[in-house]
Amino acid sequence: MSRLSPLLKQATPVVVDHALGSWIWGIDGEKYLDFTTGIGVTSTGHCHPRVVAAAREQTGLIIHGQYTTIMHQPLLKLTDKLGEVLPLSLDSIFYANSGSEAVEASIRLARMATGRPNIIAFHGGFHGRTVAAASLTSAGTKFRAGFSPIMGGVHIAPFPYALRYGWDEETAVDFALRELDYLLQTVSSPADTAAFIIEPVLGDGGYLPTPPRFLEGLRERADHYGIIFILDEVQAGVGRTGKFWGYQFSSVIPDIIITAKGLASGFPISAIAASFDLMSKAWPGSQGGTYGGNAVAAAAGVATLEVIRDENLVENARIRGEQLHEGLQNISSGNSLIGDVRGRGLMQALEFVTEMGEPNQSLASAVQQAAVAHGLLLLTCGTLGNVVRVIPPLTVSSEEISSGIQRLDAALKAAQGV
Ligand code: PMP
């Protein structure tokens, strides 16, 4: 009898029967409030009727045609729809299937377009599990250890993680920009540096918003040295932060945007957007793939973007995000083992610490597990695993947020034995 790989680390014991909106029904007959959304993927909630209808209809027309063999209408429509939300300058789109693949495509483009070898990523970043994407990832050794040699030419610069350094944000940003300049002076000369790649909110690395001034500092240096500025919006994009793109909290416009996860409410599709001029600098034929831009996934993507627009979901993410943040602050107040409550929109997190202020991985894990017993699905994250992240769908209601807060409060008490 075959079985699933033992290397898959299962966060919950739930085996799903069916799901709708913010809820999952297990085969155990239990009903769970799903604040994991498949790691930030089911943006319009589980099985949104319009997404289901679009996918069903497309399945009866054509499922797969391979986009460099024949073109299909859903991909052309999705490209138009993305044009409505992307900055005007990023008018050319390449599609793949996963976040990692899109990250790789962005690196390939940056290297080819500049003729330079090096990429600078930032400490705590998560960009995927394929070898090149894992080489850019520093959200934990489990993502990059044991299969060396990983991709060369990658340098990891400090991220302005104020809480970790015990500084205020301004000091942390000054430090991280100074260290980046030092890296450019001493390790990876600008003439050798193809790209910076960063998330607008560190995702798996701990749900840490990247300070806008840091992004602006990167933009300045990218402009000055001709370095490509890549924004990895795989987890933060498509409305999750309460703005359509996470970088919109700053004044920057990136050179490449990477998107995936929430784009098609659960169907695997990812994309990179860049200017036509930048795309044209890479080698013809260097982009492609068998499954990229699948017709059913693209149709689900079109429906997802229409639902987000018609149901005002970016605004809902902002408002419900404020409610969630406030609720998390309330249940944390006076709790010395919660070191930080943070996030943007519906990308919120609690960071757990010990009485000594050290990262408390075991408590984060105990809270996540206790939440399952209270019918609430959550995930942990953070470079040291001491953060619990809360990722509701963009469709979440006020009552569901309140219910989630109550369940999390009960889980906190159970995990702390109070
Ligand atoms: N970039 C970011 C910011 C991510 O959060 C993820 C997935 N967690 C990836 C890239 C990789 O995406 P995938 O798992 O679809 O390859």
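1. Basis of the note. Because the model is predicted, local features need pLDDT of at least 70 and side-chain atom pairs count only at pLDDT 80 or more, while totals for chains, interfaces and linings use all residues. Residues are numbered from 1 along each chain as its sequence is written, and side-chain values use heavy atoms, with hydrogens and water left out.

2. The seven-stranded sheet. Seven strands form an open, mixed sheet in the order S4-S12-S11-S10-S7-S5-S6, where helices (H or I, at least four residues) and strands (E, at least two) are DSSP runs numbered from the N terminus, and two strands pair if DSSP finds at least two bridges between them. At the edges stand strand S4 (92-96) and strand S6 (154-157), each of which pairs on one side only. Neighbouring strands of this sheet are turned by 20° against each other on average, direction ignored; the axes are lines fitted to C-alpha atoms, for helices over the stretch in contact, and angles run from 0 to 180 degrees between N-to-C directions.

3. The four-stranded sheet. A further open sheet has four strands in the order S13-S14-S17-S16, with antiparallel pairing; its edge strands are strand S13 (338-344) and strand S16 (379-381), and the twist averages 30° from one strand to the next. S13 and strand S14 (residues 347-352) pair over six bridges in the antiparallel sense, with valine 341 opposite leucine 350 and arginine 342 bridged to alanine 349. Two residues lie between the strands of this hairpin, in which glycine 345 takes a positive phi near 55°. Helix H11 (residues 313-332) lies across S13, S14 and strand S17 (387-390), running at about 15° to S14.

4. The ligand site. An oxygen atom of the ligand is 2.5 Å from an N or O atom in the side chain of serine 100, and a polar side-chain atom of glutamine 235 lies 2.8 Å from a ligand oxygen atom. A polar side-chain atom of aspartate 204 lies 3.4 Å from a nitrogen atom of the ligand; a polar contact is a pair of N or O atoms within 3.5 Å, and within protein one must be able to donate a hydrogen and the other to accept it, while residues adjacent in sequence count only if both atoms are side-chain atoms. Taken alone the ligand exposes 390 Å², of which the protein buries 83%, with accessible areas from the Shrake-Rupley method with a 1.4 Å probe and, for residues, only the protein chains shown as cover.

5. Backbone details. Most residues other than glycine have a negative phi, and most peptide bonds are trans. A cis peptide bond, with omega about 0°, joins serine 148 and proline 149, and proline 149 lies in the loop between helix H5 (131-135) and S6. Cysteine 47 has a positive phi near 50° and is found in the loop between helix H1 (37-40) and helix H2 (49-59).

Notes: Contact means heavy atoms within 4.5 Å.
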